[in-house]
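Here is my notebook from a first visit to a new structure.

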Amino acid sequence: MKSENEAVKTIDEYIAQFPTDIQETLENLRKLIKEEAPQADEKVSYQMPTFYLHGNLVHFAAFKNHIGFYPTPAGITAFENELSKYKSAKGSVQFPLHEPLPLDLIRQIVRYRVKENLKKSKNKPQ
């Protein structure tokens, strides 16, 4: 991984710094998010891959033993029961690297976050 002084600027750069098996997992996650939020912009925020749609939609990151997924506190709360088997915090969940990603659940969470962000954007004064 790049040092703090060598910040990544793109999601491609972020993914490329990991071993091949982790790259594949991250690319699969990225593809799923793009499918569910094709209108979202990709960027790097907090040195993590980020999808932005009228505000931060979701972030993800790879760590030594897990993939961190950050769908905001609302995304965690809305799927609290489904996420109960995973270690989670206010706005994040950890998916162990030794297990397949729960793609259907992630897909549902991303759909939820898209609806939430679109609704918020409609309610904002212009």
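Predicted model: local features only at pLDDT ≥ 70, side-chain atom pairs only at ≥ 80, totals over all residues.

**Entry 1: surface and ground rules**

Residues are numbered from 1 along each chain as its sequence is written, and side-chain values use heavy atoms, with hydrogens and water left out.

**Entry 2: overall layout**

I looked up the elements and found four helices and six strands in the protein chain. Both kinds are DSSP runs numbered from the N terminus: helices are H or I with at least four residues, strands are E with at least two. Read from the N terminus, their order is α-α-β-β-β-β-α-β-β-α.

Next came size. The C-alpha atoms fill a box of roughly 45 × 35 × 25 Å along the principal axes. The radius of gyration of the protein chain is 14 Å, which agrees with the value near 14 Å for a compact globule of 126 residues. That radius is taken over C-alpha atoms, and the globule rule is 2.2 Å times the number of residues to the power 0.38.

I also checked burial: 42% of the 126 residues count as buried. Buried means under 20% relative accessible area, exposed means over 50%, and partly exposed is in between (1.4 Å probe, protein chains only).

**Entry 3: the core**

Which residues have the most contacts inside the largest nonpolar core? I found Leu26, Ile33, Phe69 and Leu83, in a core of 35 residues. Several elements each supply at least two residues of this core, among them α2 (20-36), β3 (56-62) and α4 (103-123). Such a core is a set of buried Ala, Val, Leu, Ile, Met, Phe, Trp, Tyr and Cys residues joined through side-chain atoms within 4.5 Å. In soluble globular proteins, nonpolar side chains tend to be buried together.

I then followed Leu26. Leaving aside neighbours within four places in sequence, Leu26 is in contact (heavy atoms within 4.5 Å) with Tyr14, Ile15, Phe18, Phe60, Ala62 and Ile67.

Beyond neighbours within four places in sequence, Glu36 is in contact with Arg107, Val110, Arg111 and Val114.

Ser45 lies in strand β1 (residues 41-45). Its relative accessibility is 15%, so Ser45 counts as buried. Setting aside neighbours within four places in sequence, I found Ser45 in contact with Thr50 and His59. Ser45 and Asn56 are eleven residues apart in sequence, and their C-alpha atoms are 9.1 Å apart.

**Entry 4: positive phi values**

I noted His54, in the loop between β2 and β3, with phi near 55°, a positive value in a residue other than glycine. His54 counts as partly exposed because its relative accessibility is 48%.

Thr72, in helix α3 (residues 72-78), also has a positive phi, near 70°. At 23% relative accessibility, Thr72 counts as partly exposed.
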